[in-house]
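User: I'm new to this one and would like a walk through it. Could we go step by step?

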Amino acid sequence: MDKRFNSTGVCIPSMHYMVNIDNKLNKIKELIDRRDYFVINRPRQYGKTTTMFMLEQRLKDEYLVISISFEGIGDEVFLKEESFSNVFIELMADNLEFINENESKRLLSIATDVKNLRDLSKVITKFIKESKKEVVLFIDEVDKSSNNQLFLSFLGMLRNKYLLRQQGKDRTFSSVILAGVYDIKNLKLKFRNDDEKKYNSPWNIAVNFDIDMSFNSLEISSMLREYSSDKNVNMDIEYISELLYEYTSGYPFLVSRICQIIDEKLIEEDFKWNEETLIKAMKLLLSESNTLFDDLIKNIENNEELKEYIFDLIMNGEDKSFNIDNPIINIGEIFGYFKNLNGKVKISNRVFEQRLYNYYSSKLENKVDMSSYNFKDNFITSTGLDFKKILLRFQQFIKEQYSTIDSKFIEREGRLLFLAFIKPIINGVGFDFKEVQVSEEKRLDIVITYLKEKYLVELKIWRGEEYHQKGLKQLYDYLDIKDLDSGYLVIYNFNKNKEYKSEEVIINDKKIFIIWV
């Protein structure tokens, strides 16, 4: 069977092109060899299940590994200690049957007439006491049932056995690894009266799991090198790996999915792994529906405070300090949307950032009718776009549709208005990258690719002539980095005596066309 890139379920080395995660596995094994208990809490589709599978393969000769999952277990199992205890034993036995049938039978012979967690504890003690190897327990999708008091009691039982083992008074699992999205140390339990209370988890015996599970560019290159060799594909592996990291920040699903799209959807006679192809793959990725993006939008729609926080962060360039005690920042990090960059809150990767821009601009399109202004055919040339014409038309749209009483709306939504304005013009052919530059001017830089042309547009608020001149210099430097001869600047002026005007300035060898709105 030919190998392929995989972005669903567990990755299997014999079936899929995979990043070499040996370094991560070695670090995790060190914790297991120390007989530590810990939680791998990472965002969805972050490679937790694959990591546990690979770890199980690495440990199986040295340890007896029991790997189970709470995925698909109904809530009714957690209503009574008897039902939970017996289901837990069945899950362990079912897993053991595939790796050591005799051990499975031995467990079931011990586990008779189990009525409660105390009985379950005795079964575990006896099973492990008679085992020839130390026993390691993996529980995946553990937070599926973590809002349940019985689950806390189960963790408490494991904790008590762990403490007694340290005193030489009990036998229990050598190491226990729980995997899920949420940190099991901090659980919120909901009761029938809908009051929400925070409890200290009995899992405070767990050591911190601070192993970076994202892929760095060197790790990504290990996957591409195998693919390149198998498929006889020429590519600059180091450069492509760095680009993939730049777009995804090493988010495992995103790395694999972009590679999968290129390999399965973009193969042509002149097919090449280069930046142009990666951008095409990004465009396809951002237009598709998948579990990760569905969760992203659902979580924002269901949390108005998170939605507003992200809007201020990416649309208005708000400078926000990273403080994990802030519930919004905490939940954003748990979901994988935020990262701590030099003490500031940032969106964790450019893919999420682009998807969020698309989400907010689409919401605005439902509120504002621009169709009589941004009709695509008015701005297309033989080689690309007439960008001056686009900006002047946007200026006319703002001037005619919004009066001074709308200034607060424009100040908050103005940049989003431009993104919504440009989207139908480039849709289907072009692609736009956005990046907030946090400074006094709070710039939003947009790099638009259309056919083979690139257009750099900067959006910023008027802060006075001094900042304006400084901003022009910054834009010149950015154009130089992007190797572009011309750029565009949209300035939002909220002064009462503002003037709708345009001008073109030349700085050294660069032309910059400016409009004020």
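Here are some questions and answers about strands, a helix and aromatic rings.

Analyst: A quick note before we start: this is a predicted model, where local features need pLDDT of at least 70, side-chain atom pairs count only at pLDDT 80 or more, and totals for chains, interfaces and linings use all residues. Residues are numbered from 1 along each chain as its sequence is written, and side-chain values use heavy atoms, with hydrogens and water left out.

User: How many of the seven residues of strand β14 are buried?

Analyst: Strands here are DSSP runs of E with at least two residues, and helices are runs of H or I with at least four, numbered from the N terminus. Buried means under 20% relative accessible area, exposed over 50%, and partly exposed in between, using a 1.4 Å probe and protein chains only. Strand β14 covers residues 510-516 and is largely enclosed by the rest of the structure, because the buried ones number six of the seven.

User: In β14, which residue is the bridge partner of Val490?

Analyst: Two strands pair if DSSP finds at least two bridges between them. Strand β12 (residues 486-492) runs parallel to β14, with six bridges. Across from Val490, the partner in β14 is Ile515.

User: And which residue in β14 stands opposite Ile506?

Analyst: Strand β13 (residues 502-507) is antiparallel to β14, and six bridges join them. The two form a hairpin with two residues between them, and Asn508 in the turn has a positive phi of about 55°. Opposite Ile506 you'll find Lys511.

User: How far apart are the end C-alpha atoms of helix α10?

Analyst: The expected span of a helix is 1.5 Å times one less than its number of residues. Helix α10 (residues 275-287) has 13 residues, so it should span 18 Å. The model agrees, with the end C-alpha atoms apart by 18 Å.

User: What kind of aromatic pair do Phe70 and Phe84 make?

Analyst: Rings of Phe, Tyr and Trp (its six-membered ring) pair if their centres lie within 6.5 Å; planes under 30 degrees apart count as stacked, over 60 as edge-to-face and the rest as tilted. The structure holds 31 aromatic pairs. For Phe70 and Phe84, the centres are 6.3 Å apart and the planes at 75°, so the pair is edge-to-face.

User: Which residue lies over the face of Trp516?

Analyst: A charge sits over a ring if NZ of Lys or CZ of Arg is within 6 Å of the ring centre and within 35 degrees of the ring normal. At 4.5 Å from the ring centre of Trp516 lies Lys501.
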